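Subject: Structure handover

Hello,

My notes on it follow below.

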Amino acid sequence: MRAANGDFDFAVMGILNVTPDSFSDGGAYEEPSAAIAHGRELIAEGARILDIGGESTRPGAPPVSPAEELRRTRPVLEALAPEAAAAGVQISIDTSKAQVAAAALAAGASLVNDQAALRYAPEIAELVASSGADLCLMHMSGDPRTMQHDPHYDDVVADVKSFLEQQLRFAIDHGVSEERVVLDPGIGFGKTVEHNLALIARLDELLALGRPILIGTSRKSFIGRITGRDTSGRLAGTLASNILAYEHGARVFRVHEVAPMVDALKVTAATLRQAH
Ligand code: HH2
């Protein structure tokens, strides 16, 4: 990760879903002009990374072709890339398709956020290696169509850790520099509420892999299950889960609402500094 928030050791990643069907903001930024305006807002609010995605991965989401994913994301990426570069903000492409990753890297993205962690498109490793980009490897059990059908682990934290270790090794063996990789336990991807909470509470165990941890809890259903709130009322739960994740070692935070997250993490980080 290149850019932290101010003199703090965390980076907030703003979510920019250019999709008709994302679970909490589907359709809101489907028009390129609306997505570009929202991207500018996220930068102004303090996002250090913009994560642009053209395919929803909510449970049961229908797959999207590479051409359609590119049609959605490319104009937004091309418009925002120069402004993001001027502001020192990194652009991330949220995709598991090599064709989409390649086009996004050519248009100015410098992070590939691969939710399949190279399982669907192993060739993303070579693309990332040759362009010198960063790579996020996320754990998902199965695929979005089936992942919430009775997920099971022997020990969710140990199983996620060993998967991430194996995919990190694969990436390195295919030319990716280790220091370019970020790891993500994949909150909500083939996990029960208890699995998600265990991953946050025991996130420290993933630090042994030696790479920064990215976490994405924003508005997710485990927060709704605990609080009884729909997606529009999950900001407080999102902040709470990310503050705890920071305390347990996460340093990159993927969220829809950037400004409150930046403030909450600044106070958390400043407080914890005094404890050490
Ligand atoms: N979660 C979502 C999408 N991409 N990437 C990473 N690395 N980690 C995550 O936890 C993660 C992710 C799902 O959230 P969202 O983009 O809001 O929804 P949708 O997939 O429906 O577009």
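A polar side-chain atom of Ser56 sits 2.7 Å from a ligand oxygen, a polar contact in the sense of a pair of N or O atoms within 3.5 Å (within protein, one must be able to donate a hydrogen and the other to accept it, and residues adjacent in sequence count only if both atoms are side-chain atoms). This is a predicted model, in which local features need pLDDT of at least 70 and side-chain atom pairs count only at pLDDT 80 or more, while totals for chains, interfaces and linings use all residues. Residues are numbered from 1 along each chain as its sequence is written, and side-chain values use heavy atoms, with hydrogens and water left out.

The shell around the ligand has 18 residues, and the closest are Ser22, Ser56, Thr57, Asp184 and Lys220. By class, the shell holds five nonpolar, eight polar and five charged residues. Nonpolar covers Ala, Val, Leu, Ile, Met, Phe, Trp, Tyr, Cys and Pro, charged covers Asp, Glu, Lys and Arg, and the others, Gly among them, are polar.

The ligand takes up the space of the largest pocket. A pocket is an open set of points on a 1 Å grid over the protein atoms alone, where a 1.4 Å probe fits, with protein on both sides within 12 Å along at least five of seven lines. A molecule sits in a pocket if more than half of its atoms lie within 2 Å of its grid points.

Backbone angles

Most residues other than glycine have a negative phi. Leu118 has a positive phi, near 75°, and lies in the loop between strand 4 (111-114) and helix 4 (124-131). Helices (H or I, at least four residues) and strands (E, at least two) are DSSP runs, numbered from the N terminus. Leu118 counts as buried because its relative accessibility is 3%; the cut-offs are under 20% for buried, over 50% for exposed and in between for partly exposed (1.4 Å probe, protein chains only).

Arg219 is not a glycine either, and its phi is positive at about 60°. The loop that holds Arg219 runs between strand 7 (214-215) and helix 7 (221-227). At a relative accessible area of 15%, Arg219 is buried.

Other positions

- Val258 belongs to helix 9 (residues 258-275) and is buried, at 0% relative accessibility. Val258 and Ala47 are 211 residues apart in sequence, with their C-alpha atoms 6.2 Å apart.
- Arg145 is in the loop between strand 5 (134-138) and helix 5 (156-173) and is partly exposed, at 42%. Its C-alpha is 4.1 Å from that of Gly60, 85 residues away along the chain.
- Ile91 is in strand 3 (residues 90-94) and is buried, at 2%. Ile91 and His139 are 48 residues apart in sequence and 21 Å apart in space, C-alpha to C-alpha.
- Glu31 is in the loop between strand 1 (11-17) and helix 1 (32-44) and is exposed, at 53%.

Regards

Notes. A residue is near a molecule or strand if one of its heavy atoms lies within 4 Å of it. On a 1 Å grid over the protein atoms alone, a cavity is a set of points where a 1.4 Å probe fits but cannot get out, and a pocket is an open set with protein on both sides within 12 Å along at least five of seven lines; lining residues have an atom within 4 Å of a point.
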